[in-house]
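Dear colleague,

I am passing on the structure we spoke about, and below it you will find notes on what turned up in it. Please read them with the structure open beside you.

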Amino acid sequence: MSILITGGAGYIGSHTLVELANANYDFIVYDNLSNSSSESLNRVEKIIGKSITFINGDIRDTAKLKEVFGNHSIDSVIHFAGLKAVGQSVEQPLEYYDNNVVGTLRLLEVMSEFGCKKIVFSSSATVYTDPDKLNIQHSKLNIKEYSPLREDSPVGGTTNPYGTSKYMIERILEDLYISDNSFKIAILRYFNPVGAHKSGTIGEDPNGIPNNLMPFISQVAVGKREYLSVFGSDYDTHDGTGVRDYIHVVDLAYGHVKAIDYLNNHENIKPLVVNLGTGTGYSVIDVVKAFEKASGKKVPYKLVDRRAGDIAKCFADPSYAKELLGWVAKRSLDEMCEDSWRWQSNNPDGYEVK
Ligand code: NAD
Ligand code: WQD
């Protein structure tokens, strides 16, 4: 029996393949390579010492999905495939809803048809309601209590089509379970994944100018960009810059192994909704300093205006993941920076093989 890994050539998917192989799970990768390179799979093959079955396909391609389910014994799916750039989703909402929501519907239809009823879904902390949208006066919540975020914190007040697409998919999965209790579903809400595998051979390889902090810092340190723009220095945080819950991608990847283990070992379970974060928030300046220490390089930065849509603090309460799955994030911010740097300095052009 194999696990179908949609989006398995991407950043989190490729690291999860390594952890699944370490745990002796068999898998098949299904990816349209719209935001990745098959070189990541070549590198994973070297790490795990095994060849990988890869199918180049789109999750919206029902005929191709049926062929895959017809030709292989697939008993579960880890569903990473999706578009993830927040800013781009504002400009191209239809593309995002089509790719993420319609793509997931097509996948779930084919899974149902073939009796494959276990799925782990990549959700995001972005589904939690933006604090600016919370009606504090009419809510029992105090704004100061927004983070740590618990799985039962308010969700759905999203600020962009990307976040809304994740929220919609969570709802679709919950409704699917209501209609068919034999589905076993794990919704994992990731915080801010960073870092790379220890080998320095796989990592995050964004196209163009990185949107996210860690890849941007890495590119400044390696000399590809002049300086980092720090978005906002007047937030209500210890140094005025935004605070986030950065989680090492290998810890995150291992969370998927624990989620699959759980689904395999339990019957008659309601959809699980689990935060994957460390529970510790670090500011932008904390990350810059840790990266300078890890790389031995200076990371010049300029304090600029806040980025639209950003909030002051966002970090997880990760206690449910520990209680339910026996999972905790183990790797420190220093390790996240060391591993990001090893990947970036060994592969300044990412997977582009020259
Ligand atoms: P990624 O872009 O590196 O990986 C996504 C993969 O899905 C890519 O390989 C891409 O080619 C593939 N893909 C996209 N659309 C597809 C389609 N229609 N059919 C088949 N394949 C398709 O992103 P990632 O950082 O590895 O994220 C994986 C998942 O986790 C995504 O669903 C993302 O939304 C979610 N997530 C990511 C973060 C983050 O900060 N990286 C945080 C929370 C949630
Ligand atoms: C982190 C901090 C920025 C870049 C996003 C998505 C979220 C999830 C993870 C998918 C913030 C600051 C950043 C820069 C900066 N993805 N920053 N200069 O915004 O917390 O989350 O990625 O689900 O949905 O919204 O991550 O890495 O962009 O920003 O100062 O050049 O770094 O303001 O405080 P974010 P990020």
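How many aromatic pairs does a search of the whole structure find? The search finds four, where rings of Phe, Tyr and Trp (its six-membered ring) pair if their centres lie within 6.5 Å, and where planes under 30 degrees apart count as stacked, over 60 as edge-to-face and the rest as tilted. Please keep in mind that this is a predicted model, in which local features need pLDDT of at least 70 and side-chain atom pairs count only at pLDDT 80 or more, while totals for chains, interfaces and linings use all residues. Residues are numbered from 1 along each chain as its sequence is written, chains are lettered from A and ligands numbered from 1 in the order in which they are written, and side-chain values use heavy atoms, with hydrogens and water left out.

One of the pairs is formed by Y128 and F191, which are tilted, at 6.5 Å centre to centre and with 35 degrees between the planes. Y128 lies in the loop between β5 (118-124) and α6 (161-179) and F191 in the loop between β6 (184-190) and β7 (192-194), so the pair ties together parts that are 63 residues apart in sequence; helices (H or I, at least four residues) and strands (E, at least two) are DSSP runs, numbered from the N terminus. Both Y128 and F191 are buried, meaning under 20% relative accessible area, with exposed over 50% and partly exposed in between (1.4 Å probe, protein chains only).

Another pair, F291 with W341, is edge-to-face, at 6.0 Å centre to centre and 85 degrees between the planes. This pair links helix α9 (residues 284-295), which holds F291, to helix α11 (residues 333-346), which holds W341, across 50 residues. F291 counts as buried at 0% relative accessibility, and W341 is buried with a relative accessible area of 13%.

Helix α7 (residues 213-221) has nine of its nine residues buried, so it is largely enclosed by the rest of the structure. Its buried residues are covered by elements including β7, β8 (228-231), β10 (246-248), α9 and α11, where contact means heavy atoms within 4.5 Å. After α7 comes G223, whose phi is positive, near 95 degrees.

Two charged side chains also deserve a look. R225 lies over the face of F216, at 5.9 Å from the ring centre, and the charged end of K302 sits over the ring of Y227, 4.0 Å from its centre; the criterion is NZ of Lys or CZ of Arg within 6 Å of the ring centre and within 35 degrees of the ring normal.

With best regards
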